[in-house]
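Subject: Structure for your review

Dear colleague,

Please find below the structure that I am handing over to you.

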Amino acid sequence: MNRSTIDLWVGIFVLLGLGAILFLSLKVGNLITTGSRGEGYHIEAAFDNIGGLKVRAPVKAAGVVVGRVESIRLDPKTYEAQVSLNVEKQYQFTKDTIASILTSGLLGEVYVGLDAGGDTQMIADGGRIAKTQSAVVLEKLIGQFMLEKSSSGAAK
Amino acid sequence: MPAASAIVDGLRRVGGGTRRAIARMGFAARFAFAVLMHSPEGLKRIRLTLREIYFSGVLSLVIILVSGLFVGMVLALQGYDVLQRYGASESLGVLVSLSLVRELGPVVAGLLFASRAGSAITAEIGLMKATEQLSAMEMMAVDPLARVVAPRFWGGVISMPLLAALFSTLGIYGAYLVGVRLIGIDAGAFWGNMQSVVDFRRDIVNGIIKSGVFGLIVSLIAVFEGYDAAPTAEGVSGATTRTVVGSSLAILAADFVLTVFMFRGVGVV
């Protein structure tokens, strides 16, 4: 094995290794957030409560993944969660679409469900969904149930 | 009194063995110090180190890449089987990446490295000693620590973190192949959950530190066992075995200690 071949292989090895570290840092560790690929359009939606929704969670319509959650932030004035959705261009939604935060199964992932209405006009890029439905918070549900139970018990 | 003398004999043997073991550790520490002292001299001839990176790093690539891929694929299959019972199969990416980056990558790559490269280093140095090449170098006023030992040591230290990172990367790719392509988990959930949980400082940097420490341990044990080997065929074979067994145990023990320090007080993710 002559010198330059060894040098070449060591160079390839070191590059591969550094590439792997870079991959781990960027893709796995998410050191810098990779920008959106610009293949979709944006829809804004405001929710009272987003539950466990995370950035990059899927956006589904009729169970089909049509986009991703791009950003989540709190509106300091209305105290509502502003969720920005990135939806693929091929899917257009009507203006009276309802966005709701749903969970697949009891412990599964949280996603945004879109239910299209009957309007003829479509939401444009940067448009806003007016009707939203918040996440179901299990503790509140249980609290409500307990309250009803106790009040019905008192009535007896 | 034959019984009493047998007891004394036994005690003497235990004492002698303990004394030799401690003396050997002292010699190992002195040797490690000497290697570090002679390193600048050895590293000046960078080509020697490059050659050792080739032998211990590049030639270990195939076994590291293939085992990484398969470990990742098995992790994905087994992990999916358990996670889907709790409806949490989207967390497969988190499970695989955390276990690979934090533990399996450095540890399994270290074990493979010890048996693939460490044993070769020990056998090479041991055989050089048995055939009196090291003595011949000393006669020619060439320092064997700088010329033979230091390049092998640093070659191993440099190769190990790169190999561990490649192992983890291939493992995650294998899990992606099985989880997303074969089973059909949503690719966005696979990567998204992974990215939201894996922390650069806590998980990835700690994993690289771990693999660096394992590289130091394996390389040091390998060059020491080779240098310390009895200059016979038997001595070299015994030293090679001791390298693999010793560095594997040392890796696992060091992994426990490092994990305690690194993840102490870190809540379950």
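The notes below describe what was found in this structure.

Please bear in mind that this is a predicted model. The model as a whole has an ipTM of 0.79 and a pTM of 0.73. For chain B, the mean pLDDT is 90, and 98% of the residues reach at least 70. Among the elements of this chain, the highest mean pLDDT, 94, belongs to α3(B), and the lowest, 81, belongs to α7(B).

I begin with chain B. Its secondary structure consists of nine helices and zero strands, so that the pattern along the sequence reads α-α-α-α-α-α-α-α-α. The C-alpha trace of chain B spans about 70 × 60 × 35 Å along its principal axes. Of the 269 residues in chain B, 47% are buried. When contacts in chain B between residues at least 6 apart in sequence are considered, 87% of them join residues at least 24 apart.

The domain assignment divides chain A into domain 1, residues 1–33, and domain 2, residues 40–136. The C-alpha centres of these two domains of chain A are 40 Å apart.

Two residues of chain A deserve a look at their backbone angles. Ala62(A) is not a glycine, yet its phi is positive, at about 55 degrees. You will find Ala62(A) in the loop that links β2 (58–61) and β3 (64–74) of chain A. Is Ala62(A) buried or exposed? Ala62(A) counts as exposed because it has 9 C-beta neighbours inside 10 Å, and a residue is exposed if that number is 12 or fewer. Tyr79(A) is likewise a residue other than glycine with a positive phi, here near 60 degrees. Tyr79(A) sits in the loop between β3 and β4 (81–88) of chain A. With 8 C-beta neighbours inside 10 Å, Tyr79(A) therefore counts as exposed.

The two chains also touch each other.

In soluble globular proteins, nonpolar side chains tend to be buried together. The largest nonpolar core in this model has 77 residues, and those with the most contacts inside it are Val149(B), Leu163(B), Ala175(B), Val218(B) and Val223(B). Two or more residues of this core come from α1 (3–28) of chain A, as well as from α2, α3 (61–83), α4, α6, α7, α8 and α9 (233–262) of chain B. Which element gives the most to this core? It is α6(B), with 21 residues. A second, separate core has 20 residues, among them Ile50(A), Leu53(A), Val83(A) and Ile101(A).

Leaving aside residues up to four places away in sequence, Val223(B) touches Val35(B), Ile121(B), Ile125(B), Val149(B), Arg152(B) and Phe153(B).

Yours sincerely,
A colleague

Technical notes. Residues numbered from 1 in each chain as written. Chains lettered and ligands numbered in written order. Predicted model: local features only at pLDDT ≥ 70, side-chain atom pairs only at ≥ 80, totals over all residues. Domains from an automatic or database assignment. Helix = DSSP H or I, 4+ residues; strand = E, 2+ residues; numbered from the N terminus. Core = buried A, V, L, I, M, F, W, Y, C linked by C-beta atoms within 7 Å. Contact = placed C-beta atoms within 7 Å. pLDDT = per-residue confidence, 0-100.
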